[in-house]
Amino acid sequence: MGSLSAIGLQANASNNFSEKLASTRTVLRTALQDAAAKSVKMTQASSLGAEDVVVTHLLESIKAELGLTLFPADVFVLNTGKLHAETLALLASSQAASSLAWRVFEPVQAEAIQFVKTNGELAMRESLELRKACCHIRKVEPLGRALAGYAAWITGMRAEQSSARADVHAVDASDSQCTKYNPLVDWTWGDVLHYIVTHNVPYNALHDKFYPSIGCEPCTRAVSLGEDFRAGRWWWENKDGASTKECGLHVKA
Ligand code: SF4
């Protein structure tokens with residue numbers, strides 16, 4: 001992993017990257033100090049994608065700066081049972097190296113097994129309903145468990161990722177139970193990769209195989225030059241039709 005890798009070639013910081021980074025750090029620092037003062041917990045949702053390894057790295061860096069006895073944030077991963085080997089390898093090495101606590105959530109096994117038995121291994125490609133049902137079992141229900149008891153969660157969502165994410169804000173308090181922080185909201189893909197390369201952050205090997213967005217193995221493919229960031233997610237679904245290219249984790253009720 002270095003400047004000659006595919007990811008290194010795409011690392012291209014915006015002219016105002018320093019300001020963006022300072023703003024991101026301020027959002028996170030303020031939220032973490034506030035959570036510590038109130039004795040409430042925050043958690044980062046990580047898919048082990050490029051944005052998420054940046055957010056984890058920032059949290060680790062701010063943790064070292066703040067020197068709090070009880071750091072209010074941890075990291076969680078939804079292990080859907082369908083992740084790529086590259087993602088699972090990064091999960092293991094990240095857990096081993098991190099100064100943060102990690103939690104891993106899996107689907108209710110009986111439900112996942114029954115779904116496959118009834119609908120088949122690739123049911124998610126047969127209809128939007130079956131795809132959403134699979135996402136509900138493997139992602140949405142475990143997400144509810146991951147967020148239970150937490151006052152806030154942190155994501156790596158960026159406005160640039162797709163039109164469905166264009167109205168993402170740095171702080172989203174629309175859910176009074178759990179504030180959502182999107183500290184990379186105005187970062188470009190080049191900014192994200194620039195941070196990874198300049199801070200030598202371990203990243204998902206799939207990015208060097210042209211997977212900009214990391215998801216489940218059956219539902220994610222590499223993208224071609226010029227394609228939308230999330231074109232490789234559920235690629236068989238009509239971009240402008242019923243599908244929003246989201247799995248339900250970031251869809252407001
Ligand atoms: S992304 Fe695909 S495999 Fe993963 S939970 Fe959703 S439908 Fe199932």
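How many nonpolar, polar and charged residues does the shell around the ligand have? By class, that shell has seven nonpolar, two polar and four charged residues. Ala, Val, Leu, Ile, Met, Phe, Trp, Tyr, Cys and Pro count as nonpolar, Asp, Glu, Lys and Arg as charged, and the others, Gly among them, as polar.

Two remarks on the source. This is a predicted model, in which local features need pLDDT of at least 70 and side-chain atom pairs count only at pLDDT 80 or more, while totals for chains, interfaces and linings use all residues. Residues are numbered from 1 along each chain as its sequence is written.

Back to the ligand. There are 13 residues around it, and Cys-134, Cys-135, Arg-138, Cys-216 and Cys-219 come nearest. Near a molecule or strand is taken to be a C-beta atom, placed from the backbone, within 6 Å of it.

Next, the sheet. It is open, with six strands in the order β3-β2-β1-β4-β6-β5 and mixed pairing. The edge strands, β3 (102–105) and β5 (171–172), each pair on one side only. Helices (H or I, at least four residues) and strands (E, at least two) are DSSP runs numbered from the N terminus, and two strands pair if DSSP finds at least two bridges between them. β1 (residues 42–45) pairs with β4 (residues 152–154) in the parallel sense, over three bridges. Gln-44 has Ile-154 in β4 as its bridge partner.

Now the helices. The axes of α5 (residues 109–119) and α6 (residues 128–147) come within 9 Å and cross at roughly 160°. Axes are lines fitted to C-alpha atoms, for helices over the stretch in contact, with angles from 0 to 180 degrees between N-to-C directions. α5 and α6 are therefore roughly antiparallel to each other; angles under 35 degrees count as roughly parallel, over 145 as roughly antiparallel, 65 to 115 as roughly perpendicular and the rest as oblique. From α5, Glu-111, Ala-112, Phe-115 and Asn-119 meet Leu-130, Ala-133, Cys-134, Ile-137 and Arg-138 of α6, where contact is C-beta atoms, placed from the backbone, within 7 Å. This contact of α5 with α6 divides into six nonpolar, one polar and two charged residues. Cys-134 and Arg-138 take part in that contact and are also among the residues that come nearest the ligand.

The other pair is α2 (residues 17–38) and α3 (residues 50–66), whose axes come within 11 Å and cross at roughly 60°. That makes α2 oblique to α3. Thr-24, Arg-25, Leu-28, Arg-29 and Leu-32 of α2 make the contact with Leu-58, Leu-59, Ile-62 and Leu-66 of α3.

Notes: Contact = placed C-beta atoms within 7 Å.
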